[in-house]
Amino acid sequence: WVSVDLIQNTGTAQIWYKFAGGSEPASYTWTFSTSLFPMLVGISAYINVDTATPVDVHNSIQDDIGTDVTVPSITTTQENDWLIGLYAGVGTAWTPPSGMTERVDTTQTSNAIEIVDLALGAAGATGDKTADKGSAGTGKGFLVALVDRILVFSPKFGDFLLPGCLE
């Protein structure tokens, strides 16, 4: 697994990627120190992602104030990227940014994580992306643009896995 971005401030959130091969396990297990509980992990799978340079651009933000988490716009350099959003924080359920498709929305205790995506066309600014976590408190957000844009829903040989995690 390759780390794309990490936020360590009032909890930890991290986003990784991995290219799946022919001998992928049926499931993945992560082991964390007890100081990292509760832990949430979400996985989305994408195919036809550029294996040489899978991440076009990315950005992240920590927001400690309200119910919304707004990740500032990123400017893609490639046509037809997939824009992936990962949101994590104190909350009960996420409302995805306008126009983005929700792939993961899960809650444990009072923490929630969401993964969303959007197929882009021409290269350029994505615009800010705001998700609502349902309650005030610590929130984190990531935007990652993956080169190419064909989506699948279940990991299998050759897929690109993009998990996110929240402490």
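Q: How do you know which contacts in the protein chain join residues at least 24 apart in sequence, and what share are they among those at least 6 apart?
A: The share is 76% among contacts between residues at least 6 apart. A pair counts as a contact when heavy atoms lie within 4.5 Å. The model is predicted.

Q: What makes up the protein chain, helices or strands?
A: There are twelve strands and zero helices. From the N terminus on, the order is β-β-β-β-β-β-β-β-β-β-β-β.

Q: Why is Thr51 called exposed?
A: Its relative accessible area is 60%. Exposed means over 50%. Thr51 is therefore exposed.

Q: Where does Thr51 lie?
A: Thr51 sits in the loop between E3 and strand E4 (55-63). Thr51 and Val147 are 96 residues apart in sequence, yet 9.0 Å apart in space, C-alpha to C-alpha.

Q: What makes a residue count as buried, and what percentage of the 167 residues are buried?
A: Buried means under 20% relative accessible area. Such residues make up 45% of the 167 in the protein chain.

Q: Why is the set with Ile84, Val144 and Leu146 called a nonpolar core?
A: A nonpolar core takes buried residues of kinds that include Ile, Val and Leu, joined through side-chain atoms within 4.5 Å. This set, the largest such core, has 18 residues, and Ile84, Val144 and Leu146 have the most contacts inside it. Among the elements giving two or more residues are strand E2 (12-19) and strand E10 (139-146). The largest share, four residues, comes from E6.

Q: Which residues does the second, separate core include?
A: Ala112, Val116, Ala131 and Leu143 are included in this core of 13 residues.

How values were computed. Residues are numbered from 1 along each chain as its sequence is written. This is a predicted model: local features need pLDDT of at least 70, side-chain atom pairs count only at pLDDT 80 or more; totals for chains, interfaces and linings use all residues. Side-chain values use heavy atoms; hydrogens and water are left out. Buried means under 20% relative accessible area, exposed over 50%, partly exposed in between (1.4 Å probe, protein chains only).
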